[in-house]
Amino acid sequence: MATAKVVFATITGNNEDVADIVAQELEKKGVEVSVEEISQADPEDFADVDICVICPYTYDEGALPDEGLDFYDDLEDVDLTGKIYGVAGSGDTFYGEYFGLAIDEFGKKLAASGAVKGAENVKINLAPDSEEDIQKLDAFADALVEAYNNK
C-alpha cells in the first residue's frame, strides 16, 4: 500500500480544508495518509512515505507562511529522490502576480530535493468552497496516485 504525508500551513483554516480534501481523495484511492500542521512536521518525515504533499498559503505580496519557514529551509537538507510530490494551497487573487507564489516556491524546493512532480500545482482562491475547487483537488490527488503507480 502506498503511503502519503500531507503537511499544511493555515491561519484561517482554508489550507487545513485543502489538506483534508486531498487526504480524503488519496484514502479513497487506497493510500495510507497522515496529515500534519507544518510547524509540527519535519521534512525528514517525507523520507518515510511514497507521496509528499505540502499545502501552504500565500499572503500579502508572495510571502510564505511564517510558521513554515523552518520547514521550507530544512527541505534543502533532505534527499527525496524517487518520491512523488505535489503542492496545493490557497492565496488571494487580489494580489495578482503574487497569487499562490508560496505554492510554486515549495514546489521548487521539493523538486530540488530529488522528488518527482506527480501533479500540477493547484492554487485555490481563498477557501476550497466551490465544486470546481473540490474537483481540482480530487484530480490533483488522483494524479499523484497515478504518478506513484506509474513510476
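Modeller: Gladly! Let us begin with a cut-off: a residue is called buried under 20% relative accessible area, exposed over 50%, and partly exposed in between. Please keep in mind that this is a predicted model.

Colleague: Then what makes Y57 count as buried?

Modeller: Y57 has 8% relative accessibility. Buried means under 20%, so Y57 counts as buried.

Colleague: And why is Y59 called partly exposed?

Modeller: The relative accessible area of Y59 is 31%.

Colleague: What makes the pair of F46 and F71 edge-to-face?

Modeller: Two cut-offs are needed: ring centres must lie within 6.5 Å, and planes over 60 degrees apart count as edge-to-face. F46 and F71 have their centres 5.8 Å apart and their planes at 90°, and that makes the pair edge-to-face. F46 is in the loop between strand 2 (32-37) and strand 3 (51-55) while F71 is in helix 2, so the pair ties together parts that are 25 residues apart in sequence.

Colleague: Are F46 and F71 buried or exposed?

Modeller: F46 has 0% relative accessibility and counts as buried. F71, at 3%, counts as buried too.

Colleague: Which kind of aromatic pair do Y57 and Y59 form?

Modeller: Y57 and Y59 form a tilted pair, with 5.9 Å centre to centre and 45° between the planes. An angle under 30 degrees would be stacked and one over 60 edge-to-face, with the rest called tilted, so 45° gives a tilted pair.

Colleague: Now the charges, please. Why can charged side chains pair up at all?

Modeller: Side chains of opposite charge can pair when their charged atoms come close. By the rule used here, the count comes to eight salt bridges.

Colleague: How do you know that K28 and E25 form a salt bridge?

Modeller: The cut-off is a side-chain nitrogen of Lys or Arg within 4 Å of a carboxyl oxygen of Asp or Glu. For K28 and E25 the closest N and O atoms are 3.8 Å apart, and that makes a salt bridge. Both residues lie in helix 1 (residues 14-28), three residues apart, about one turn of the helix. K28 is exposed because its relative accessible area is 67%, whereas E25 is buried, with 9%.

Colleague: What makes K123 and D104 a salt bridge?

Modeller: Their N to O distance is 2.8 Å, and the cut-off is within 4 Å. The pair links distant parts of the chain, as K123 is in strand 6 and D104 in helix 3 (residues 101-112), 19 residues apart. K123 is partly exposed at 27%, and D104 is partly exposed at 24%.

Colleague: Where in the structure do E105 and K108 lie?

Modeller: Both are in helix 3, three residues apart, about one turn of the helix. K108 is called exposed because its relative accessible area is 52%, and exposed means over 50%.

Colleague: Which residues form the negative surface patch?

Modeller: The patch is formed by D42, E44, D48, D70, D73, D74 and D77. Among them, D74 lies in helix 2 (residues 69-74). Asp and Glu count as negative, and patch residues need over 30% relative accessible area. D74 has 36%, so D74 counts as partly exposed.

Note on methods: Residues numbered from 1 in each chain as written. Predicted model: local features only at pLDDT ≥ 70, side-chain atom pairs only at ≥ 80, totals over all residues. Heavy atoms only, no water. Patch = residues over 30% accessible without salt bridge, like charges linked within 9 Å, V, L, I, M, F, W, Y side chains within 5 Å. Areas by Shrake-Rupley, 256 points an atom, 1.4 Å probe, with all protein chains shown as cover. Charge placed at Lys NZ, Arg CZ, Asp CG, Glu CD. Helix = DSSP H or I, 4+ residues; strand = E, 2+ residues; numbered from the N terminus. Buried < 20%, exposed > 50% of the residue type's maximum accessible area, 1.4 Å probe, protein only. Phe/Tyr/Trp six-rings, centres within 6.5 Å; stacked < 30°, edge-to-face > 60°.
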